[in-house]
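The questions below work through the contact between the chains, the pairing of charged side chains, and the local backbone features.

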Amino acid sequence: MTEELRSVLGEFRVLSPDITTAVVFGSDGEAIAATEGTTPEQTQALITNLNSITHAQCIGGIQNLTIQDVNTQLTVNAVDETYFAVVSSRGGQQKVVKSLTEVVAPTIIRLALGKLVVEPTKTEFTTEPAEVKAEPEVLAEVAPEEPAFESITQPEEPLEPLEPPLPKAPTTQFMVEKISGILVPPDTVRIDSEVIDKWRELYGNRQFTTVHIETLEGKTLTCKFKPIKDIKANEKGMIQVPERIIQILGSGRGKLVVVKPVVEEA
Amino acid sequence: MKQNAVTETQPLPDTPTIAVGEDNSVFTSLASTLTEIRKLKGVIGYILRSNTAAIVDLPQPETPEYAMLSAQVSDSSKGIAKQFNLTDVESVLVEGKTHKLLCISLGENKIGIFMEKTCAHAWIVKRILL
């Protein structure tokens, strides 16, 4: 299993040349896997130095550690009882690096170490006719609603520290499922209502009517959303996305996206 | 008159709880910047130390814990950076479940700033390094 994990870590360097080194190690100090070229001394130094931080309880333990120099950064992320360390360039495609290290890697590590159980998703084929067979006149009434897409530009670091900060937007990872049909608005995705309820609990009376979707390739989009009521067990973890949004995101059925609510400022 | 390195100095107006000695102009300038940063929403305290002086403004009663953590992170990050060829470390950020710690070394002056997780640390790094 360690060998497989090592191969996957090696692939990260192919996917993002900004990544130079990746190491997975246990909180007990055991080195689990590392990319080629990483010396045992480097891994050991990482483990020893992290273990020597013994007073982290006052900030709630170590979830993440980032060391930045002018051109390079080293990030260590906690993944359950293991740590995942990556050395990468500070320039280049940070979104790709972030997607790989914060989304893909933790999932793969959990899978490799048997900490994640994935329920196989079944695709149900039906021979039943489509829900609505609309006449051309009806089509004209229902279809052409102008989609309300907004392209996202990466904002500068917020410089208003005196405002009360909002809780950090929770990001949820979903697998894309395509939806189509005459009654499907092309600018609205559908998300598990339980996830939406959790967001509402977090934000109280703050309004959010749109969500921010990001693919692993770093493409982003903000669009409206609707809850999926009566969700089936095999639809958990799915986001239902209309064809138009899938095209804009360059995503596809079965691909992973990260979604978070866009909360309006008070 | 030049002040002795281990005599108590007048605290800056905004409540550093311990101030021992006074060192150099960089130290004084950093102390003033940190006093401003301390007022930011989400910043819960800081420690500034050089070889001969220290200013500590950390919440009680965990002050020793915070100070120890700051020193440990500073030392450990040096060891890690050396092994991974990070030659000129600008900043070290440690995030926990509840708070985060930003450590910056400027020559002999070492800074540790504790803040809420929502606080914009990148802005603070820029403010100190510029």
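Q: What is the count of salt bridges between chain A and chain B?
A: This is a predicted model, in which local features need pLDDT of at least 70 and side-chain atom pairs count only at pLDDT 80 or more, while totals for chains, interfaces and linings use all residues. Residues are numbered from 1 along each chain as its sequence is written, chains are lettered from A and ligands numbered from 1 in the order in which they are written, and side-chain values use heavy atoms, with hydrogens and water left out. A salt bridge is a side-chain nitrogen of Lys or Arg within 4 Å of a carboxyl oxygen of Asp or Glu. By that rule, the count between chain A and chain B is one salt bridge.

Q: Which residue of chain B forms a salt bridge with Arg90(A)?
A: Arg90(A) lies in the loop between strand E5 (82-89) and helix H3 (94-112) of chain A, and the pair crosses between chains to a residue in strand E4 (residues 89-95) of chain B; helices (H or I, at least four residues) and strands (E, at least two) are DSSP runs numbered from the N terminus. Arg90(A) is partly exposed at a relative accessible area of 28%, where buried means under 20%, exposed over 50% and partly exposed in between (1.4 Å probe, protein chains only). With the closest N and O atoms 3.0 Å apart, the partner is Glu90(B).

Q: How many residue pairs are in polar contact between chain A and chain B?
A: A polar contact is a pair of N or O atoms within 3.5 Å; within protein, one must be able to donate a hydrogen and the other to accept it, and residues adjacent in sequence count only if both atoms are side-chain atoms. With both residues required to be at pLDDT 80 or more, the count between the two chains is 16 residue pairs.

Q: Which element supplies the largest share of the side of chain A that touches chain B?
A: Contact means heavy atoms within 4.5 Å, and the interface takes 41 residues from chain A and 37 residues from chain B. Helix H2 (40-51), strand E3 (64-69) and strand E4 (72-79) of chain A each supply at least two residues of the side that touches chain B. The largest share, six residues, comes from E3(A).

Q: What area do chain A and chain B bury between them?
A: Buried area is the accessible area (1.4 Å probe) that two parts lose on being put together, summed over both. Carbon and sulfur atoms carry 65% of the buried area here, and in chain A the residues that lose the most area to chain B are His55(A), Ile59(A) and Ile67(A), together 21% of what that side buries. The two chains bury about 3400 Å² between them.

Q: Which peptide bond of chain B is cis?
A: Most residues other than glycine have a negative phi, and most peptide bonds are trans. Pro61(B) is found in the loop between strand E3 (54-57) and helix H2 (63-83) of chain B. With omega near 0°, the cis bond is the one from Gln60(B) to Pro61(B).

Q: What is the phi of Asn85(B)?
A: Asn85(B) has its place in the loop between H2 and E4 of chain B, and it counts as exposed at 58% relative accessibility. Its phi is a positive value in a residue other than glycine, near 60°.

Q: What pattern does chain B follow along the sequence?
A: Chain B has 130 residues, of which 48% count as buried. There are three helices and six strands in chain B. Read along the sequence, they follow the pattern β-α-β-β-α-β-β-β-α.
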